Amino acid sequence: MSAFPLVALVGNPNAGKSALFNALTGARQKLGNYPGVTVERKAGRLSLSDGRPVELVDLPGTYSLDPTSPDEQVTRDVVLGKQSGERLPDALVVVIDASNLDNHLRFALELLSLGLPTVVALNMVDLASRDGLELDPAVLSRELGVPVVPTVAVRKRGLDDLRGQIETLLNPAPARAKALPGDFNAVRAEAKRIAKAAVVRETPSRRLTAAVDRIALHPVFGLFMLLGLLFIMFQAVYAWSEAPIAMIEGLAGTLSGAVTDALPDGLLRSFLVDGVINGVGSVVVFLPQILILFFFILMLEATGYMVRAAFLMDGLMARVGLSGRAFIPLLSSFACAVPGIMATRTIADSKDRLTTILIAPLMTCSARLPVYAVIIGAFIPARDVGLGVGLQGLVLFCLYVAGIVGAMLVALVLRMTVTKGASGSFLMEMPKYQWPRPRDVLLGLWQRAVIFLKRAGTIIFASTVILWLMLSFPKAPENSAVSQVNYSVAGRIANGLNVVLEPIGFNRDISLALIPAMAAREVAVSALATVYSLDADEDEAKLERSLGDRLKDNWPLPTALAFLAWFVFAPQCISTIAVTKRETNGWRWPLFMVGYLFALAYAAAGLTYWTATAAGL
Amino acid sequence: MRLTDLPLRQPAYVDMIDWNALSATDGQRLREFGLIEGADVEALHHGGLLGRGPIACKIGRMTIAMRRAHAAAISVRIGDRDERA
């Protein structure tokens with residue numbers, strides 16, 4: 001793609017590679033995909049001291065050049081120059097964890113045998129010395145025959161030195177391959193010998209991590225801690241978001257007021273106020289809540305807790321025939337099912353992986369949050385149920401739990417039927433705990449915010465505009481007994497669809513909102529906002545009211561509850577279907593997924609509605 | 001004794017691994033983690049209620065988690081490797 005020299009970052013998982021990549025490239029990153037495979041390509045720009053740019057690519061972490069998953073395959077193919085869409089790197093930066101030399105050096109030796117110009121980044125030297133391990137980089141450099149730079153990526157230590165070494169490597173020099181000393185065990189022994197030579201001082205390891213793990217991995221306390229963390233996370237989504245949401249709402253209100261005053265009553269004003277500001281605004285308002293959710297997930301990942309959570313959950317995962325590894329893609333799916341499904345690539349067993357993909361949409365993604373939030377806000381009183389626990393947060397928590405329980409049951413059934421096979425496995429390294437660099441977390445949040453706002457500006461905007469068009473035409477005749485919504489194209493379609501949805505308590509407006517919600521779930525909210533905004537046209541007083549209040553006027557409680565239940569299983573958005581098709585190589589599994597989710601959503605909403613009605617709610 | 005029976009925080013070393021009981025990929029991953037005959041090993045945590053969860057153990061300076069089925073394929077001996085005959 002460019003004539004800049006290409007440098008690849010390569011190393012074991014948990015060597016701190018991504019933190020080093022962030023530190024070297026800053027926010028100038030480009031995410032993409034390798035052609036033909038669905039492995040993410042992370043590239044960034046690095047400037048040398050003389051201003052020359054270098055393209056730096058962050059390869060997926062792997063333990064050896066003998067791949068066991070598609071990600072690891074890409075790493076091997078890139079460093080061998082066999083990956084389509086990627087040049088052979090001009091130089092390698094091999095990242096090794098200073099406190100795990102034996103293991104990481106073995107892979108480093110494999111990489112050195114390739115003969116590419118190489119520099120070794122001896123990363124996380126601070127954590128190693130915290131653990132009582134002092135190393136001599138000079139000895140390591142002499143033994144390996146390449147420069148070794150001690151770094152602390154999260155504190156930006158050693159980066160200038162590393163940059164300087166990369167610069168030296170890129171000046172043409174004959175590269176020398178270090179021959180491998182033989183088979184796997186011989187390489188291992190050599191790695192061990194070098195590691196031993198490089199150690200200056202060593203005391204028994206990992207006191208801090210071991211101490212925390214005694215509680216975090218305890219079968220009882222650990223589980224309480226995990227549940228507690230998740231609970232705090234969902235409470236925070238509400239508690240921390242109030243102020244910023246009020247700000248965004250205020251801004252949207254001022255904006256639509258200004259447009260209403262500036263323009264004469266007519267199609268353009270209706271388009272801007274009802275379609276654009278009300279529609280898109282009703283989704284953008286959830287940005288604070290989505291960012292809070294992502295903040296927690298990024299923190300869990302960066303601190304090293306995520307693998308612990310997988311460890312705690314593995315017993316349960318095994319019981320429904322899944323791999324403990326599936327827990328990480330599933331937890332990511334709380335943010336969005338698309339990266340979650342892509343993250344299943346770390347699961348080696350194909351049946352295991354397929355099951356995980358099929359249940360990933362049952363994890364409550366952040367796009368469902370706006371739907372939950374608006375309905376809960378309207379129908380569930382903001383009461384304290386004691387101990388400072390809010391009823392609204394509690395209901396939200398229950399909805400998430402319903403999704404999880406549903407997913408487990410579906411997995412159990414799938415593993416006994418369509419994805420029958422050997423039970424999964426769980427083999428993972430547990431990284432040391434570490435405090436993430438605030439900048440890395442902020443960068444992650446920023447990337448998420450951009451993605452969300454892009455969606456709001458494109459898919460959500462387009463769906464909202466199309467829906468507004470379909471709702472505004474044809475115009476109902478003056479003094480007609482039929483309302484504008486009922487008279488419009490969309491209203492007529494919804495009235496047809498309503499025959500099927502009426503038994504489960506859905507009204508026409510819901511039927512109407514469900515169609516564009518296939519594009520993105522949160523559109524259901526903007527769709528409802530547009531419908532009620534158009535319906536209220538004649539009545540200025542009604543227009544002033546929030547969407548929540550309007551819903552409360554129009555929906556009985558059982559309908560609202562059924563709507564929530566529907567969205568626990570809601571047939572997923574088009575992006576999820578597309579990524580499932582790509583990951584499973586065909587239409588068979590995405591269609592199966594859509595079918596079973598529709599059936600479940602219908603049944604769940606129906607049961608909720610009938611139960612609530614019978615209970616007299 | 002099997003790794004599943006090893007008391008927690010009791011230093012031991014790997015005596016024998018029944019590679020046939022492991023799938024090829026799982027076996028490879030274990031070797032890459034440094035879990036081979038002769039390696040020092042210490043069980044740290046048993047996960048899950050009712051003792052059916054995975055086991056976390058220390059191999060060198062690394063902590064890895066594995067299921068009981070894998071741990072059962074690994075025979076260990078109590079003691080320090082360097083002290084054995």
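Strand S3 (residues 40-47) of chain A and strand S4(A) pair in the antiparallel sense over six bridges, where strands are DSSP runs of E of at least two residues, numbered, like helices (H or I, at least four residues), from the N terminus, and pairing requires that DSSP finds at least two bridges between two strands. The model is predicted, so that local features need pLDDT of at least 70 and side-chain atom pairs count only at pLDDT 80 or more, whereas totals for chains, interfaces and linings use all residues. Residues are numbered from 1 along each chain as its sequence is written, chains are lettered from A and ligands numbered from 1 in the order in which they are written, and side-chain values use heavy atoms, with hydrogens and water left out.

S3(A) and S4(A) form a hairpin with five residues between them, and A:Gly51 in the turn has a positive phi of about 85°. Within S4(A), A:Asp58 is the bridge partner of A:Lys42 and also stands opposite A:Leu9. Strand S1 (residues 6-11) of chain A runs parallel to S4(A), to which four bridges join it. Five of the six residues of S4 (residues 53-58) of chain A are buried, so this strand is largely enclosed by the rest of the structure; buried means under 20% relative accessible area, exposed over 50%, and partly exposed in between (1.4 Å probe, protein chains only).

In H10(A), A:Ile245, A:Ser256 and A:Val259 are buried. Seen down the axis of H10(A), the buried residues fall within an arc of 60°, so they line one face of the helix, the arc being that of the directions from the helix axis to the C-beta atoms. The face turned away from the buried side of H10(A) carries exposed residues, including A:Met247 and A:Leu251.
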